Amino acid sequence: MKKINLLLALFFSVYGFSQVKMQGVVKDSLGAPLELANVIAINNETKALESYAITNDKGRYILALGKNAKYNVQVSYIGLKTASEVIEAKEVDINKDFTLLPDNALDAVELTYEMPVTIKGDTIIYNADSFKNGSERKLEDVLEKLPGVEINENGQIEVEGNQVQKITVNGKDFFDGDTKLATENIPSNAVDKIEVLRNFSEVGQLRSVTNNQNNVAINIKLKEGKENFWFGDITVGVGDAPSPNDELYLVQPKLFYYSPKYSINVIGDMNNIGEPALSNRDLRSFGGGFRSPSRESGTQLNLGNNGLSGLTNSRNAQSIESKLLATNFSYSPKNTLDLSGFLIFNTTRLSTRQESFIRYTDTDLGIPDEETINTGREASDQGLAKLSASYKPNVNNQLDYDLLARLSKDSERQTELSSVLGETSQLDEVTPFSINQNLNYYYTLNENNIFALEAQHLISNEDPFYNAVLQNDPDNNNDPDPSNRDAYDNTAESLGLDQTLNTYNLGQNELVKTSQLDAKLDYYNILGPKSNISFTFGTILSKQDYDSDIFQFLNDGSAFTPTPSITDSDGNLLGVVNNTQYNFSDIYVGTRYNVRTGKFTFRPGLSIHAYGNQNIQFGEKFEDNFFRVLPDFEARVQFKKSESLQFNYRMNNQFTDVTNLAEGLVLNSFDALSFGNAELQNGLSHSLSLRYQSFNLFNNTNVFAFVNYNKNIDQIRSIANFDNVITTNTFFNSQFADETLTAFGSWQKRFGKFITRMRANFNYSLRNQFIQGRQSVNESFNQSYSPEVRTNFREAPNVRLRYTYSINDNQQGSRSTQVITNSPSVRFDAYIWDSVTFVTDFAYTNQNFEGTSESFQTWSARLGYRKDRDAKWEFEVRANNILNIDANISNNVTNFSVRNDAVFLQPRFITLRAIYTL
């Protein structure tokens, strides 16, 4: 590491000696400094942009110029005439001030080059071509090169530490603002400007009275000539697979049409090489732009998720076959009405393999270590449809309606070979559907009084079926020596299964029906130019019905209902059938006061809630009705236009879903049983956060830092009892508080054509766990550091060097563990001879765990040829997993165990592709 730092320091020193610094102050005709004035330097010989700057609050700018060259320096500011002057850079630094005159003082100076970055109020505008070198293919390739913009590990866009909530193209929704779908599919050559909209509000009427400080959206402006014409690309590819019976194929049409009146987007995908345009997990998180009206009320109601949400990440599969058809439209029949919607159908087939070694937390509890081999096949068919309408007859009225329907059919077959339990075959199937409706109406009575009505209704139906088949030797069920019995025999006996058969063939049906109304009415009163007050009346009404039953398939195919001997904490026998109705209500009123004084903004608030909880099980009713006051507070210091510090405090009430209340036994899997507690109460949490952000284009430095502390009181926790490695869990309100402290920081600075970045993350958590009736404390402290340096040349090749170092320390009961991870990576991309593109990524990961060191490498590359930048055809060779590694290795810590996992991957694939650009 020291050698790397020394080389980087030497490199930047040599680079710095080859440049001249030009600096000065930009003023208006009265001598007042101008903030956010644009300064650019264009090389007179090459006509290329050499350097650019934006003045700070004192009007200062700094340019980095190459020595012994002449530059045309232009200075511009909105409403004033542009100044232009030829500057010769020799061997010494240059001090030069500029004065911009009023618009009628002299003839206009024609700008010969666009500013790479400009700021207009809360909007940052990036000129996309200023950051391209020709190797980019999709929007994400451009976004990664923009200062202050990042794409995280989940493919989501982050600006100044805030996740982008929405993305539009020419002001029109792109699949309701889904950022990942946009970044991975919109072609980079169609992008002209990237507009980052800070303090973004969906409703213009509420912009001045709501808290939008951390809301960010992005609008993509298309190049001239893209409107009123179809554009996009069509990719086809073939390749050889390791198996002689399989051939690799890829077909991905991505077509777009935009006009002032309507737009159409079509994305198709059919491939078996592991490059889905939209994965299962992406589609499940596709929210369609819905936001809960009660998101700031302080009430957190968990409706649960009984689908197969754990379907494998496509990056962790041995084989992947995917098909996708997605279309999105927007239509404005008149200026006051906007219609939009999308239709998505996705089908995926995966095969997986994972080998694990599991060691349990408390070594003195007698829980054996376990080795498992899991192989599986997953199938998922998903469909989504959305229709939206927005009617704005005038500036004082806006009516919005949205309808989102979702249907899927998922199945997962697994075979698990355990060193403790032997071989088990499992099947999970579910066909869930949901319909979500949203109605919003905004009315401005006059300049001081605004009303907002938001209502959302959800109905959903989930019907998971589970089946597990374990081997059984009926002759050893009664052996007096427990070591001679099958490992599952004790559990089978406790469940009341028929133990005379050669297999334990378990089945379970579940049905969860949910209906929820979430609505509120807000009234905003503007007291003055710097203050306003709001009043809210809202409600959450939820009903969940839960039915489940466990049974055993007999040899003749009939179903046998067992009678368990398992008891709850009071000694009551548990059944294998659940029939539970859960009704929840929250009626609340709230108020918030917003005042700005100087650099400070304060936003205190509180809400008063009347809660009603009722669950009915087999004719027995459990109720809990109470009142609670939930305060919240926000304070913000705006040091400069792009520098702020924000503090937040919030108290939240947390409520569980129906499955944790149901008192009958449930099979989460064959080796994980649970039963609920009808008398569960709510949990309470205190959350405090401090956020700092600075976006400084004067010295090309971006800083973001975030600290969050959370304390949970009366948290709903589980008690786990083990029989071998088989757990039985139930739930209760813990008197022990759980705590988490998280800190994150990111620093980025540009030195001419070089960009450096440093990210650090710290996480401390204290959790109370309960095993075999005994309480113990789990403490973890995780820290990671990730320095990075990359180049941003337009002509020369670019390289990115990144190094990630992390330490995870965990104290789990009587076991202490430490995992140290080192992961250097390099990315090289080049566009040479104005026709050849070469991009390659290599990463090395090493994990040291309890004295054992394990590592793996990933390497991919693509080589493309097109006649020139404007050519319609491009031919490309891609290679994935070039080193043909079998698996990724990871060490993970869970609540009860420490795991070492080997997840097997797709083999090396080499494909030949042809891309036609419209």
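Two strands are treated as paired if DSSP finds at least two bridges between them. In this predicted model, that criterion describes strand S24 and strand S25, which are joined by 21 bridges and run antiparallel. Within this pairing, Leu 387 has Leu 403 in S25 as its bridge partner. The chain has a mean pLDDT of 87, with 95% of its residues at 70 or more.

**Confidence of the model**

- In residues 10-17 the pLDDT falls below 50, and this stretch has nine contacts in the model beyond near neighbours in sequence.
- Residues 105-109 also have a pLDDT below 50, with six contacts in the model beyond near neighbours in sequence.
- Where pLDDT is low, predicted coordinates should not be read in detail.

**Strand S25 and its partners**

- Strand S24 covers residues 370-394 and strand S25 covers residues 397-418.
- S24 and S25 make a hairpin, with two residues lying between them.
- S25 also pairs with strand S26 (residues 422-430), in an antiparallel arrangement of nine bridges.
- Ser 411 has Glu 429 in S26 as its bridge partner.
- The bridge partner of Asn 397 in S27 is Tyr 443.

**The four-stranded open sheet**

- Four strands make up an open sheet in the order S3-S2-S5-S6, and their pairing is antiparallel.
- Strand S3 (49-54) and strand S6 (80-89) are the edge strands; each has a single partner strand, and therefore one side of each has no neighbour in the sheet.
- On average, neighbouring strands of this sheet are turned by 15 degrees against each other, with direction ignored.
- Strand S2 (residues 38-43) is joined to S3 by five bridges, and the two run antiparallel.
- Val 39 is placed opposite Ala 53 in S3.
- In general, the strands of a sheet pair through backbone hydrogen bonds, in either a parallel or an antiparallel manner.

**The three-stranded open sheet**

- Another open sheet consists of three strands in the order S11-S12-S13, with antiparallel pairing.
- Its edges are strand S11 (149-151) and strand S13 (162-163); because each has a single partner strand, one side of each is left without a neighbour in the sheet.
- Three bridges connect S11 with strand S12 (residues 157-159) in the antiparallel sense.
- Val 149 has Val 159 in S12 as its bridge partner.

- Thr 656 is located in the loop between strand S36 (643-655) and strand S37 (665-669).
- Thr 656 counts as buried because its relative accessibility is 9%, and the cut-off for buried is under 20%.
- The side chains of Thr 656 and Asn 660 are joined by a polar contact of 2.8 Å.
- With residues up to four places away in sequence not counted, Thr 656 touches Leu 301, Asn 302, Tyr 582, Leu 661, Leu 680 and Ile 716.

Technical notes:
Residues are numbered from 1 along each chain as its sequence is written. This is a predicted model: local features need pLDDT of at least 70, side-chain atom pairs count only at pLDDT 80 or more; totals for chains, interfaces and linings use all residues. Side-chain values use heavy atoms; hydrogens and water are left out. Axes are lines fitted to C-alpha atoms, for helices over the stretch in contact, and angles run from 0 to 180 degrees between N-to-C directions. Buried means under 20% relative accessible area, exposed over 50%, partly exposed in between (1.4 Å probe, protein chains only). A polar contact is a pair of N or O atoms within 3.5 Å; within protein, one must be able to donate a hydrogen and the other to accept it, and residues adjacent in sequence count only if both atoms are side-chain atoms. Contact means heavy atoms within 4.5 Å. pLDDT is the predictor's confidence in each residue, from 0 to 100.
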